[in-house]
Amino acid sequence: MDTPRLPVPIGEAARRCGVATSTLRYYEERALVSPSRRSGGRRWYGQEDLRRIVVVQLAQRLAESLDAWIARGVPGSVPGSGLASGLMDAHDETGGTRRGPRSAGDEPPFRPEPPLGAEPPFGSEPPFGSEPASFEGAAHRSAQSPQLPSAARLAELRRRYGRAELVESEIPGDPLVLFHTWLADALAEGVPEPNAMVVATVGVDGLPSARTVLLKGLDERGFVFYTNYGSAKAADLDAHPNAALVFPWHAMERQVRVTGSAGRVTREESAAYFASRPLESRLGAWASPQSQVVADRESLDRAYAETAERFAVTEDVPIPDFWGGYRVRPEVVEFWQGRHGRMHDRIRYRRTEGTERTGERWIVERLAP
Ligand SMILES: Cc1cc2nc3c(=O)[nH]c(=O)nc-3n(C[C@H](O)[C@H](O)[C@H](O)COP(=O)(O)O)c2cc1C
Ligand SMILES: Cc1ncc(COP(=O)(O)O)c(CN)c1O
């Protein structure tokens, strides 16, 4: 690609840094970046200006995460207290009225802590297993209420399912068609991260591991996600090229499980996807030696800042050799729909070779819940 010589006009500067031109004008208003002006008052951004834009973005990103941290009530609340409220939100007493579906937007991610001394509302316990923090107030709270939810409380957490049914007579012959319908339903419902899936792999030592990734491509060849080829999951998949996927769509009372062989996608496919990612994600891919032990948070932030600086003046942030996609070719796909009395619907599709005449097709079976 042709690299335009610096300095560059505002549109080009915005494109290179992955921001809107209005953002650059705002940075100028706030005296954060001061491009030179020439003929007709047009702004021209030099190498130093581009570097400053990336640094300002980085500073903004760090400030945002700090704001989020403060908004969670730190210090003064038990870190991670959102987990307990999330668990309690799912609670629906047997025989009680089921809550209607909520959209993703109206679900508060964290429930505020009660004022010290006040009776904590039901469901506001700190998360299971959290250590009492050493700040003032922790001892006071523990005198009022136990730090751990009692075993009985956890045992009471349950939901009655029953919003839909899955019947053989109404399902397509191809599991991917049904998958697309369910994914569309999850999107329409506002399920957060509807394309998030848990990927389970087998390590060289034979031990399993699982983690969440984002589904970024799907066609008849399979389910695609992107990751660092130096990561633990990549080492697993390179040694044992099989994976299991789980889409946990709890809000839909649905789950989809997939198992199949896994292999790397082509470099062209990975490069095309990488190029579509926002600048900050591309920089993150370069800066993070995924799954390696690092000294501390600061060293990661430093690596990100150095990466941002390194790429600030180049035409683009290319795909690293150590980054790309895997595709899981489904052999078995199981659809689960929650039903009353734990008598759920489970429909499993198994791929068969078929005959030369019939070609490849899917066997559909119902499984006991
Ligand atoms: C919602 C969500 C989405 C994620 N998406 C990805 C992803 O697409 N690719 C990825 O490499 N890691 C993703 N992660 C991080 C992984 O869960 C995991 O921490 C990381 O890939 C390292 O896994 P490993 O050490 O088993 O290789 C995601 C995490 C969450 C919670
Ligand atoms: C480490 C990591 N890599 C890749 C991804 C996929 O992100 P993107 O949508 O930017 O491709 C994620 C998403 N959370 C991630 O955490």
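Predicted model: local features only at pLDDT ≥ 70, side-chain atom pairs only at ≥ 80, totals over all residues.
A polar contact is a pair of N or O atoms within 3.5 Å.

**Around the ligand**

Start with S291: an N or O atom in its side chain is 2.6 Å from an oxygen atom of ligand 1.

| Residue | Atom on the protein side | Distance to an oxygen atom of ligand 1 |
|---|---|---|
| T227 | polar side-chain atom | 2.6 Å |
| T212 | backbone N or O | 2.6 Å |

On its own, ligand 1 has 620 Å² of accessible area, and the protein covers 63% of that. The shell around ligand 1 also includes E193, R211, Y226, K233 and Q290. Sorted by class, the shell has 5 polar, 4 nonpolar and 3 charged residues. Which element gives the largest share of the shell? It's β5, with 4 residues, while β7 and α8 each supply at least two.

**Inside the protein**

Nonpolar side chains tend to be buried together in soluble globular proteins. In this model, the largest nonpolar core has 33 residues, and F179, W249, V256 and F335 have the most contacts inside it. Elements giving two or more residues to this core include β4, β9 and β10; the largest share, 6 residues, comes from α7.

Now zoom in on W249. Leaving aside neighbours within four places in sequence, W249 is in contact with F179, W182 and V256, among others. There's also a second, separate core of 30 residues, which includes Y27, Y226, L279 and Y304.

Note on methods:
Residues numbered from 1 in each chain as written. Chains lettered and ligands numbered in written order. Heavy atoms only, no water. Core = buried A, V, L, I, M, F, W, Y, C linked by side-chain atoms within 4.5 Å. Buried < 20%, exposed > 50% of the residue type's maximum accessible area, 1.4 Å probe, protein only. Contact = heavy atoms within 4.5 Å. Near = heavy atom within 4 Å. Polar contact = N/O pair within 3.5 Å; in protein donor to acceptor, adjacent residues only side chain to side chain. Areas by Shrake-Rupley, 256 points an atom, 1.4 Å probe, with all protein chains shown as cover. Nonpolar A, V, L, I, M, F, W, Y, C, P; charged D, E, K, R; others polar.
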